[in-house]
Every structure is written in C-alpha cells, then in structure tokens.
2 protein chains.
Amino acid sequence: MLSSPFLDEMAGRRVLVKAENLQHTGSFKFRGGWSALSGMSEAQRANGVIAYSSGNHAQGVAMAAAKFGIPAVILMPSDSPRLKIENTRALGAEVVLYDRLTESREDLGATISAERGLALVKPYDDPLVIAGQGTVGLEIVEQAVAEGVAKADVLVPCGGGGLTSGISITMEGTGLRARPCEPEGFDDATRSLASGKREVNATQGGSICDAIVTNSPGEITFPIMLKNCGSGLVVSDGEAMRAVALAYQRLKIVLEPGGAVALAAALFHSDEIEGDAVIVVTTGGNVDTDVFTRCLETL
Amino acid sequence: MLSSPFLDEMAGRRVLVKAENLQHTGSFKFRGGWSALSGMSEAQRANGVIAYSSGNHAQGVAMAAAKFGIPAVILMPSDSPRLKIENTRALGAEVVLYDRLTESREDLGATISAERGLALVKPYDDPLVIAGQGTVGLEIVEQAVAEGVAKADVLVPCGGGGLTSGISITMEGTGLRARPCEPEGFDDATRSLASGKREVNATQGGSICDAIVTNSPGEITFPIMLKNCGSGLVVSDGEAMRAVALAYQRLKIVLEPGGAVALAAALFHSDEIEGDAVIVVTTGGNVDTDVFTRCLETL
C-alpha cells in the first residue's frame with residue numbers, strides 16, 4: 001500500500017492506500033470480470049460475453065474476454081469518457097453505445113444477447129463478480145497485518161456495491177471494517193445503510209464521479225453490505241477533485257474523481273473516521289485529460 | 001512491475017515497468033539515503049548529515065534523516081523545481097540554495113559541514129549509496145523470474161550512475177543486463193561507455209530532464225558500469241515528455257521527464273533493444289505541474 005507523510009498530516013492519522021488504479025485496465029474491475037469468466041463453463045462462454053458499463057467494468061470484461069480468446073460486446077452510455085470507449089474497443093471488444101436517459105440498457109442487452117447467444121456479465125449483482133472484487137479485501141487484510149494495523153476503517157468508493165460487499169466479506173472477524181464512500185447527490189448506499197432498505201438516487205447521471213454512479217445498491221450486494229459495513233461517507237465533487245490532485249502530487253498516481261472519493265473522505269472528513277490509521281481503496285484512473293487537468297488546478 | 005498491452009504494442013515486445021516513482025519521497029533516492037545513514041556509526045551521524053542535490057536525493061536524505069531523528073542540511077540549486085524545494089523543507093530538512101552556474105556546491109558544502117560537524121551523504125559516488133540503489137535490482141531479478149523473463153535489457157535513467165551501477169551488480173550471472181538511458185545533450189554515460197573513459201557534458205543545466213543531469217559518470221560508479229552494463233540509449237526531450245504522457249494514460253502513474261527516459265527508450269528506440277521483453281525503471285515523479293500538463297498536451 002502507498003503512503004505519504006503529507007497525507008498522514010492532513011488526515012490526522014496514517015493513511016494507507018490500496019491503489020487499484022494500477023490494476024490491469026486501470027481499475028479493480030478486471031478482477032470481477034476475470035472471476036466471472038473463470039467461473040463459467042466452457043459451453044456458457046463459447047459464443048462470447050456481453051456487459052453494460054459506464055467504462056471500467058467494460059474494460060475489465062473486455063480484457064478478461066481477450067485473455068480467454070472469446071468475443072465481448074459492451075454496451076456503454078454515449079456520454080462515457082472518450083478514453084474508456086476507445087480503450088474498450090482497443091482491447092478487442094465490440095462497443096454498442098446507448099443514450100442513458102432515453103434507452104434501457106437492459107432491454108438492448110437482452111435483445112443482443114438473445115440474438116447471438118452471449119452470456120451476460122453483470123457489473124456487480126453476481127456472486128462470482130463480488131468474489132472477484134473481494135480479492136482486493138483479501139490482499140488488504142494481509143497487508144494491514146504487515147503494516148502493523150490491527151484495527152481500521154477501510155474506505156471504499158461505492159457504486160452498485162460489488163467491491164464494497166466483496167471486501168466486507170473478507171473482513172469478517174478481523175479488526176477491519178469496510179465503509180462505502182460516495183459523491184454528493186449519488187449517496188444511495190449511504191442512505192440505504194442508514195434506513196435499512198435500498199434507497200434510490202433522485203438523478204441518474206451528470207456527476208464528475210461518473211465511474212461510481214448507480215441508481216441504488218444491488219439486490220445481492222446490499223444485504224451483504226448491511227450485515228458487514230460501517231456507515232457510509234459522502235464527499236463533494238470539489239473534495240473528490242482535490243483528492244485526485246493530492247494523489248498526483250503526493251502518491252504519484254493517476255485517479256479519476258470517482259476513484260478518489262474514499263481518499264477524499266479520509267482527508268476531508270476525518271472527524272467521521274475512528275482509529276490511528278485508515279485504509280483507502282483508490283478504484284480507478286481512467287480519466288479524461290481535461291477533467292484531470294481541471295483537478296490539478298485545485299492545487 | 002506494471003504493464004499495459006498498449007505499451008507492449010508500441011514497443012513491439014513486453015514492457016515491464018519497475019515504478020520507483022511510487023517509492024517513499026517519489027523517487028528511488030530514499031533507498032540510497034537510508035542505506036548511507038544505516039551504514040554510519042552513531043557517532044558519525046550524531047550532529048546530522050548534509051547532501052547536495054537537484055532534488056530527489058535531497059528528499060531521500062531528508063526523509064532518511066527524519067526517520068533517524070537527526071538534522072539534515074540540503075544544498076539545492078536555486079533553479080530546482082519548486083515542489084522539490086518545498087517537499088525537502090516539509091520533510092524537516094534545512095534547505096540552502098546556491099546558483100549552479102556561479103557557485104561551487106562542493107566548496108559551500110565543505111564550509112557548512114566543517115562548521116557544524118555534519119556527515120556528507122554523496123548522491124552517487126559512495127559504496128553504501130550504490131548498495132542502497134542496487135536493491136532495486138535485487139527486486140527486479142526476483143520479479144523477472146516471477147514474470148517468466150529469463151533474458152532482457154533493463155533500461156535505467158542515468159545521472160551519476162549510482163542506480164545504474166548498483167542495479168548492474170545485482171544482475172551479474174543472470175540473463176538480465178543494465179543499460180543507462182539519458183537525454184540528448186547530457187549523454188555522458190553513453191559516450192563514456194563507448195570510449196572507455198569518463199566523458200564530460202558540454203553544458204551543465206537547462207534540460208527538462210533536470211533530475212538526471214550530471215556532468216559525468218562517477219569515479220566509483222563508472223568502472224562498475226563499464227564492467228557490467230550494455231551500451232547506453234539516448235532520447236530526445238520530446239520523447240521523454242511523450243513517455244510521461246503515456247505513463248499517465250496507460251499505467252496511471254506520474255513521472256517527471258528525467259524519470260521517463262528509460263520508458264521513452266523502450267517505446268521509441270525499440271530497434272536498439274534486443275529480446276522479447278524489456279524491463280524499464282521509472283525513477284521519479286517529482287514534477288512541477290506546468291511541466292506535467294505540457295507533457296499531457298503531447299497525447
């Protein structure tokens with residue numbers, strides 16, 4: 001895990017960063033894609049796979065499919081960052097764009113799957129995907145011991161909850177506790193954990209943290225989170241952008257704003273966190289350069 | 001080590017990146033500083049240490065001194081990147097600035113050392129410093145085996161040769177071979193390896209690759225390099241800047257231009273390299289933001 005005395009000082013405690021932006025395809029999503037394809041029978045994946053994603057899941061599934069030597073069709077919102085669309089194509093996938101405000105990706109995906117006999121790889125609500133993302137947590141549990149951290153909050157950027165729920169399972173019976181982090185206006189997981197039922201966001205798109213915007217926590221992921229997780233943390237877009245800039249300056253890593261919300265929570269909401277150390281997952285670095293340079297202007 | 005299929009395709013072979021910009025203080029230099037201080041007797045380091053550096057060695061020594069709880073005085077050229085000066089101060093060191101064109105840092109350093117009884121930590125021409133930097137090579141040798149790479153060139157950004165010579169020692173008797181990489185106009189190591197004697201650069205400053213600009217290879221480092229290293233590689237400033245941009249885009253890491261010259265050699269001078277794989281050391285990421293954003297404009 002990465003660290004910097006400058007960030008420790010800002011947070012008022014040790015900050016240990018699990019940098020999943022350095023994972024294959026620039027986000028943790030390769031883990032879930034690889035896990036899902038590995039768990040299918042050869043017959044199930046023979047005709048290829050299909051996925052819908054704002055970008056990081058797309059690239060993760062595309063690379064996993066390429067490694068298995070099978071076709072991948074990816075449905076992406078037409079307003080996804082350009083780099084994510086280009087990378088998904090370059091990884092060998094066929095990209096089909098849709099309008100996220102007027103078209104149903106589920107209907108479009110069902111039609112294409114049926115026509116071609118493709119297996120759907122869901123972005124989070126699938127036990128194999130949750131298990132794959134959970135491997136981040138297995139590594140954190142080991143690394144925390146190596147760092148002498150016995151008890152700490154583990155802050156996780158949260159969309160549909162695949163990563164957060166997967167990590168939370170690996171921390172049962174340890175002194176570590178997963179807590180979801182979200183951007184303002186898209187805090188469905190935080191509100192759901194508070195109310196005990198799956199809450200829905202008022203709006204669906206338009207956040208600078210596009211990578212982790214979902215409508216509500218998943219059917220499968222939410223009960224796991226409710227059982228295991230601490231309360232959620234909510235950061236502003238400005239805080240996420242400043243966390244991107246500080247990760248650049250102090251850790252020498254590239255993050256997208258959605259991938260930086262847990263770091264933002266550690267740095268700017270330290271009064272909502274307990275303990276001498278905090279563990280932060282940075283989930284992705286697939287950022288358009290104009291957004292990244294706007295983040296750097298906050299330094 | 002980090003990798004990307006996009007970089008593999010550009011280079012025409014596997015590119016494996018040892019990302020020392022992720023090391024403490026944002027460059028490999030902490031290793032040498034830590035090694036030097038660890039090798040001194042308690043009496044030797046009691047009054048503190050002094051170092052002269054364009055920036056990365058400064059931060060490495062400053063952090064090592066802070067961990068030993070002793071004072072550090074750092075002599076830095078007044079045209080060093082602002083971030084490096086600020087970081088060195090923030091790590092607890094006393095920074096003394098000098099004009100690199102008109103003042104002798106050696107004379108200035110000797111005066112201050114004598115007055116205060118400080119121990120000098122040289123940037124490269126010291127066996128303990130070379131040994132510390134060489135730990136990068138020990139890790140590469142292990143990681144290459146894990147990656148199934150038995151034979152490869154190992155490209156290393158080279159200033160005075162502390163890192164290159166240290167790495168080269170660890171690769172004796174393996175299929176790996178260290179090769180220094182330098183910016184155009186400051187290719188003293190490359191020319192020295194070709195002629196068999198220590199050559200000197202025509203100019204001393206003004207490169208965008210400031211971190212790795214030295215006048216000539218070291219007295220101690222050069223014979224080690226001559227014995228162990230393959231020929232040098234020389235890249236243009238433009239190639240170094242484009243390598244910074246590609247490392248940002250494809251590996252999600254932040255490099256300074258000097259820290260990217262070996263990656264530039266792997267990507268843009270592939271006809272000068274042999275084998276199915278190449279290993280690249282990225283040495284540092286302490287870059288001023290205006291330089292970094294200029295690099296991103298090359299995308």
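**Chat on a two-chain model**

Biologist: Where is A:Val61?

Modeller: A:Val61 sits in helix α4 (residues 56-68) of chain A. Bear in mind that this is a predicted model.

Biologist: Is A:Val61 buried or exposed?

Modeller: Buried, because A:Val61 has 32 C-beta neighbours inside 10 Å and the cut-off for buried is 20 or more.

Biologist: Which residues does A:Val61 touch, leaving out those up to four places away in sequence?

Modeller: A:Gly33, A:Val49, A:Ala51, A:Ala72, A:Ile74 and A:Val121.

Biologist: Switching to the chain contact. How many residues of chain A are in contact with chain B?

Modeller: 15 residues of chain A, which meet 15 residues of chain B. Helix α13 (residues 289-296) of chain A gives the largest share of the chain A side, three residues. By class, that side has nine nonpolar, five polar and one charged residues.

Biologist: What does α13(A) meet in α13(B)?

Modeller: A:Thr289, A:Thr293 and A:Leu296 meet B:Thr289, B:Thr293 and B:Leu296.

Biologist: At what angle do the axes of the two α13 helices cross?

Modeller: Roughly 175°, and the axes come within 11 Å. Angles over 145 degrees count as roughly antiparallel, so α13(A) and α13(B) are roughly antiparallel to each other.

Biologist: Now the sheet in chain B. In what order do the four strands come?

Modeller: The order is β4-β3-β2-β5, in an open sheet with parallel pairing. Its edge strands are β4 (94-98) and β5 (119-120) of chain B, each of which pairs on one side only.

Biologist: Which helix packs on the sheet?

Modeller: Helix α4 (residues 56-68) of chain B, touching β2 and β3 of chain B. The direction of this helix makes about 170° with that of β3(B).

Biologist: How many bridges join β2 to β3 there?

Modeller: Four bridges, between residues 49-52 and residues 72-77 of chain B. B:Val49 stands opposite B:Ala72 in β3(B).

Biologist: Last topic, the largest nonpolar core. Which residues touch the most other members?

Modeller: A:Leu155, B:Leu155 and B:Val280, out of 128 residues in that core. In soluble globular proteins, nonpolar side chains tend to be buried together.

Biologist: What does B:Leu155 touch, again not counting residues up to four places away in sequence?

Modeller: Its contacts include B:Leu233, B:Ala262, B:Ala265, B:Val278 and B:Val280. B:Arg179 and B:Cys181 are also among them.

Conventions
Residues are numbered from 1 along each chain as its sequence is written. Chains are lettered from A and ligands numbered from 1 in the order in which they are written. This is a predicted model: local features need pLDDT of at least 70, side-chain atom pairs count only at pLDDT 80 or more; totals for chains, interfaces and linings use all residues. Two residues are in contact if their C-beta atoms, placed from the backbone, lie within 7 Å. Ala, Val, Leu, Ile, Met, Phe, Trp, Tyr, Cys and Pro count as nonpolar, Asp, Glu, Lys and Arg as charged, and the others, Gly among them, as polar. Two strands pair if DSSP finds at least two bridges between them. Axes are lines fitted to C-alpha atoms, for helices over the stretch in contact, and angles run from 0 to 180 degrees between N-to-C directions. A nonpolar core is a set of buried Ala, Val, Leu, Ile, Met, Phe, Trp, Tyr and Cys residues joined through C-beta atoms within 7 Å. A residue is buried if 20 or more other C-beta atoms lie within 10 Å of its own, exposed if 12 or fewer, and partly exposed in between; C-beta atoms are placed from the backbone. Angles under 35 degrees count as roughly parallel, over 145 as roughly antiparallel, 65 to 115 as roughly perpendicular and the rest as oblique.
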